[in-house]
Amino acid sequence: MQPVPHPSTPQIPRDAASVVLLRDTPTGIETLLLRRHAQMANMGGLYVFPGGKLDAADREGAALLDQPAQTLHEGLGESALDPATAAGLHVAALREALEECGLLLAEPAQAQAPVDAPRARAMLREGQPLAQVLAALQLRLSTRRMCAWSRWITPVTPAMATRRFDTRFFVAQAPDGQEAGHDDEETTASVWIAPRTALEQYRDGQIDLAPPQIMSLAHLARHASVRSVMEQARLRRPPTILPESFEHDGARVVCYPGDPLHPVRDRALPGPTRMYQRERRFLPENGFDALFA
């Protein structure tokens, strides 16, 4: 295999955050996927978890949270990251969830007061800052209900037309009594779906996914309940995945930590350590079922 040539001045990845929202059903867990607007410059038309880039105001949002910035910093396990940015990544993930799908992980200042997610989302869409919205509704963001899951850094030579991001993925149980829905601006469809079903639809060409979502869904498909996911997240350090790209027989190959062609020898994820891109689809060399081996 030949390595894909790296650009002479690779783009510095931007900090970003995403939240994998989960719920239990009689047949197993489901996760929320949103379809990005087809005209979006980044990942247009793909199904993704709610998320987006870290904004400057997110770094100043420690007062919006239910845990100290230092505690959140320790949970991410990144020694080079400052506590303010660590807290900001949690703020960004929850802000994006509210903006994109209308779910608000928050707790009221008064124990019996309701969390009015639709009103909070409407206020955000009117242009009010998140801090102002939470203050008006007497809420603070509930980081105790989320756990760091993984860290994905876009390759120096992306396998898809996309900007580079350093994205921290969190997992969280969707709040009871709230209804998710896309915003008809950045996202045009939303669906609660079993992880394996989403991957089957991807295989069959019904939906489009990017490699981080593919590998994350394959990982989630190994769990029977939200509790199982959250317990695993609490017991391990979030793995860092910086894929490496190669060309093999005219196809793009994306390798992950633990693969013989990847510089990091320790495996970061269950399942295959490399994916082959053929006709806009990323699949393991040994076929679809290898995602769950």
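**Reading the fold together**

Mentor: Let's begin with contacts along the chain. Of the contacts with a separation of 6 or more, 67% are between residues 24 or more positions apart. Keep in mind that this is a predicted model.

Trainee: Okay. How many helices and strands does the chain have?

Mentor: The chain has seven helices and 15 strands. Its radius of gyration is 19 Å, close to the 19 Å that the globule rule gives for 293 residues, so the chain is as compact as a globular protein of that length. If you want a box around the C-alpha atoms, take roughly 60 × 40 × 40 Å along the principal axes.

Trainee: What share of the 293 residues is buried?

Mentor: Buried residues make up 51% of them. We call a residue buried when its relative accessible area is under 20%, and exposed when it is over 50%. As for the surface, the chain has about 13,600 Å² of accessible area, and 48% of that belongs to carbon and sulfur atoms.

Trainee: And the charges?

Mentor: There are 31 positive and 35 negative side chains, with the centres of the two sets 3 Å apart.

Trainee: Which residues touch the most other members of the largest nonpolar core?

Mentor: That core has 40 residues, and the ones to look for are Leu-21, Leu-104, Leu-130, Leu-141 and Phe-170. Helix H2, residues 83–101, gives the most to this core, with 10 residues. Another core, of 36 residues, lies apart from it and includes Val-20, Leu-33, Phe-288 and Phe-292.

Trainee: Can we zoom in on one of those? What is Leu-130 in contact with, leaving aside its neighbours within four places in sequence?

Mentor: Leu-130 is in contact with Leu-64, Val-91, Arg-95, Leu-98, Leu-124 and Leu-141.

Trainee: Now a charged one. Is Arg-36 buried or exposed?

Mentor: Arg-36 is buried, with a relative accessible area of 12%. You'll find Arg-36 in strand E3, residues 28–36.

Mentor: Gly-51 is in strand E5, residues 51–53. Gly-51 is also buried, at 15% relative accessible area. Leaving aside those neighbours, Gly-51 is in contact with Ala-17, Ser-18, Glu-96 and Glu-100.

Trainee: Last topic: backbone angles. What should I look for in phi?

Mentor: Most residues other than glycine have a negative phi. Asp-184 is not a glycine, yet it has a positive phi of about 60°.

Trainee: Where is Asp-184 found?

Mentor: Asp-184 is in the loop between strand E9 (165–173) and strand E10 (187–193). At 58% relative accessibility, Asp-184 counts as exposed. Glu-279 is another non-glycine with a positive phi, of about 50°. Glu-279 is in the loop between strand E14 (274–278) and strand E15 (281–283), and it is exposed, with a relative accessible area of 80%.

Terms used:
Residues are numbered from 1 along each chain as its sequence is written. This is a predicted model: local features need pLDDT of at least 70, side-chain atom pairs count only at pLDDT 80 or more; totals for chains, interfaces and linings use all residues. Side-chain values use heavy atoms; hydrogens and water are left out. Helices (H or I, at least four residues) and strands (E, at least two) are DSSP runs, numbered from the N terminus. The radius of gyration is taken over C-alpha atoms; the globule rule is 2.2 Å times the number of residues to the power 0.38. Buried means under 20% relative accessible area, exposed over 50%, partly exposed in between (1.4 Å probe, protein chains only). Contact means heavy atoms within 4.5 Å. Accessible areas come from the Shrake-Rupley method with a 1.4 Å probe; for residues, only the protein chains shown count as cover. Lys and Arg count as positive and Asp and Glu as negative; His and the chain ends are not counted. The place of a charge is taken as NZ of Lys, CZ of Arg, CG of Asp or CD of Glu. A nonpolar core is a set of buried Ala, Val, Leu, Ile, Met, Phe, Trp, Tyr and Cys residues joined through side-chain atoms within 4.5 Å.
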